[in-house]
Structures are given as C-alpha cells and as structure tokens.
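Please open the model in your viewer and keep a selection tool at hand. The stops below can be visited in order.

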Amino acid sequence: MKKTLLLSSCIILLGAFATAHAAGTLVWDMTFTGTSSSPNAGNIVVTGTGGAPYESLSPSFGGGSVTNDAYHSNGSRLTITDSSSTLSMCNSFSFVVKAELNGDSASNWPVLFGLGESNSWNLKVNYTKGENAGWGFAPEGYGLSGLTSMAGTVAQGAEQTFIVTVDAGTNDGTAQTGTSTLTLYLNGEAIATATLAAANRTNEKLDTFTLGGRPMNDSNNQTAEFSNVRLYQGVLSAEQIAALSVPEPAAASLSLAGLALLALRRRRPQE
C-alpha cells in the first residue's frame, strides 16, 4: 500500500514538473491602504520589479470604499489604466486577483474583474449558470473557442485567488499569428480554459484593468472585496501559482493535521 501511494505521488509530481512553465516576471503589484469612503490614488500602493515604485498606473474609482487594506466595490468598480503598458493579447502574461465574495454560486454572478485593450477589446471573468455552469471567460470584441468551465470551490466570506494566464506560445509578442491558450485558476485549481484564435489576437495595448466590473462598460458590476492585484509578463509556473494561491480551508486543515501527527510521531519514544 505504501509503495502504491509513493508511486502515485511520484507520478503526480512528475506530471507537475512536465507541465510547468518558465516563471513569470512581475510587472506591477497593487495593494490598498488607508480608510476612505471616497477612495482615490492615495489609497493604493503600486510597486514593480524589485519593490521599486511603479508610477504608470492611474486608478479611477467609480465608487465603493477602502478599509482594512481592501477595496470594497459595493456594486461599483475600480478602473486601472497603465500608461506604460508593453503587453497586448499577442503576449504571454498572467493576471492575479485576490478577492472575497459573498453570494450564492448557484445563480449568475456579475463581472468580478476584467482586462481591456485600448481599442475596446476586453475579456471578463464572471460566473454563469446553465449547461456550462461555472467561472469562465466572457469576451467582448473578439471570440474564443473551445471554452470549458467548471464551478470551482468558493468559500463565502473568505479571500480567494483568481489567476488568468494567457499563453501565446512560440508566437509570443508577434502580430496576430498563432493561437493563445487562456486558463483561469481558482485557489490554484484550473477551472476554465479557452483558445484565442490568431485572427483575434491584436497589438493593441493591454492597458485597462477593472475590479468589480467590465473594462469598457460600467454595468453588471460585482460587489466584492479586493485586497491585491498583480500583473506578470509571461505565464506563471506551477510553483508560482501554488505560492500565490489561497489554500482551500479543507486543505489547510489537512496540512495542519498532518503536521501535528508528524510532531507526535517524532516525540513518541522509540520502542
């Protein structure tokens, strides 16, 4: 039995190593600070590579508030514009959002966050019900194919980690050639995938990001609490995704139980 478990663990690890990507490189990291019922640029802190200030982001709060190091969207949205963006949908990149939701996943949820290009092309992430119920991508301005979606596990009232990776493959950075693979992770688990065709990839700058709503349209906004947003150039590795993701409560409890058992075994006197 032990040999079987060990072999299974080795196979899983080998599979993870085989599918791992090269590590993504941080472009910017945004957090919130202070307390305000009318938040502004003074309520965000943005750093770049090596912790240096990143001064190219311009926030526009449509409402909401900032308390306890989190942005409470309250049915509105925060629009973030990056005037120095070097990325487009022709590039490989990763977008990380930490948010706390409250609601019933059995019904549709409004748009949680979005990514937009300067020519009104954008990609939304939200929850829908029906035949393809679950979290997924909802594009505006271009089409996706092969969309797969599943519900994922959302712990109500607890911080969750959503990660979107866009893998442009060998055509990274080139104009409208090849396809891109999109993957959405929830707490480290891949819950949605899609393919962006060559004809839909553009050189428009990926310069607009939103929390709580759509990038180009102020409607269908999500009430949630956002604590951290990060943009990476390149596709995050499996190790980075695991390190950035909030663990499932059950998994965290299991890990703690395992550590406690290990400690007891080590303290047990030898017979």
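Residues are numbered from 1 along each chain as its sequence is written, and side-chain values use heavy atoms, with hydrogens and water left out.

**Confidence**

Colour the model by pLDDT, the predictor's confidence in each residue, from 0 to 100; the protein averages 81, and 80% of the residues score at least 70. Select residues 1-21, where the pLDDT is below 50 and where the model has 7 contacts (heavy atoms within 4.5 Å) beyond near neighbours in sequence. Then select residues 249-271, where pLDDT also stays under 50 and the model has 2 contacts beyond four places in sequence. Where pLDDT is low, the predicted coordinates should not be read in detail.

**Strands**

Helices (H or I, at least four residues) and strands (E, at least two) are DSSP runs, numbered from the N terminus, and two strands pair if DSSP finds at least two bridges between them. Select strand β12, residues 159-167, which is largely enclosed by the rest of the structure because 7 of its 9 residues are buried; buried means under 20% relative accessible area, exposed over 50%, and partly exposed in between, using a 1.4 Å probe and protein chains only. β12 pairs with β7 in the antiparallel sense over 8 bridges, and here V97 stands opposite F162 of β12. β12 also pairs with strand β13 (residues 180-186), again antiparallel, over 6 bridges, with L182 in β13 as the bridge partner of V166.

Next, select strand β10, residues 134-140, of which 5 of 7 residues are buried, so that this strand too is largely enclosed by the rest of the structure. Strand β9 (residues 122-128) runs antiparallel to β10 and is joined to it by 7 bridges, and V125 has F137 in β10 as its bridge partner.

Return to strand β7 (residues 93-101) and pick out S94, which is buried, with a relative accessible area of 0%. A polar atom of the S94 side chain lies 3.1 Å from the backbone nitrogen of L236, and the contacts of S94 outside four places in sequence include V164, T165 and Y232.

Now select S73, in the loop between β5 (70-72) and β6 (78-82); S73 counts as buried because its relative accessibility is 0%. Its side chain reaches the backbone oxygen of Q222 at 2.6 Å, and, among others beyond four places in sequence, S73 is in contact with G64 and F226.

Move on to E204, in the loop between β14 (189-196) and β15 (206-211), which is partly exposed at 28% relative accessible area. The side chains of E204 and S118 make a polar contact at 3.0 Å, a term for a pair of N or O atoms within 3.5 Å, where within protein one must be able to donate a hydrogen and the other to accept it, and residues adjacent in sequence count only if both atoms are side-chain atoms.
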